[in-house]
Amino acid sequence: SIGISAFYGCSGLTIINITDLDKWAEIEFGDINANPLYFNRSLYLNGQLVTEVKLNTAKKIGSYAFYNWYHLTSVTIPNSVNKIGKSAFQYCKGLTSVYVEWKDADKIPSISSYVFPYSTCSLYVPSGTKSIYQGKEYWKKFKSIVDGVIITINNMDDSDGSIIADNNTSFTLYDNIKSISVPKELEDVTITYTRNFEKAGV
């Protein structure tokens, strides 16, 4: 954890560089002044500015963990996360998409009123779970809740990614795609692709 006001007054801070997003996510910050993002508003991973976060192994997201991160546009939260602290994504003004993987109602963490920018952000949930999230306090406050399934994309450069899609979804894949796994739940998906691509897992 990082104590209260640890970075108080550090308005000249220009770069925050980390090496592990999952470990950063688990830090408990004592207040907004304990997190240097309050002043810098940008986070770098191994020297590269990060705008999209896909957590993989985190067990929790600490209080104020991503507070005031202006450049953050999307976040993927795995079902390994069992706690999301207060104001974790508050004032992330660029955040528009939150992807979650919990399918069981009792596994979905409780959240407070200031965790996400609900009015400007869409929540993407596993197929068949939309009604569960609509019944959960504060989760139901998102601008929209999209019920779909996760399509996993394997890139040539090992920087895997994923999207959530529903039937009748169309999307385009470019350049460095090695394989794509499309769940059987999807019956009608249109995929347009270019070189270095082979389709798998359908």
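The model is predicted: local features need pLDDT of at least 70, side-chain atom pairs count only at pLDDT 80 or more, and totals for chains, interfaces and linings use all residues. Residues are numbered from 1 along each chain as its sequence is written, and side-chain values use heavy atoms, leaving out hydrogens and water.

Most residues other than glycine have a negative phi. Tyrosine 91 sits in the loop between strand E5 (74–77) and strand E6 (97–100). Tyrosine 138 lies in the loop between helix H3 (130–134) and strand E8 (144–155). Helices (H or I, at least four residues) and strands (E, at least two) are DSSP runs, numbered from the N terminus.

Tyrosine 91 counts as partly exposed because its relative accessibility is 43%. Tyrosine 138 is partly exposed at 25%. Partly exposed lies between buried (under 20% relative accessible area) and exposed (over 50%), with a 1.4 Å probe and protein chains only.

**Aspartate 20**

Aspartate 20 is in the loop between strand E1 (17–18) and helix H1 (21–25). Its relative accessible area is 28%, so aspartate 20 is partly exposed.

Aspartate 20 and leucine 55 are 35 residues apart in sequence. Their C-alpha to C-alpha distance is 9.7 Å.
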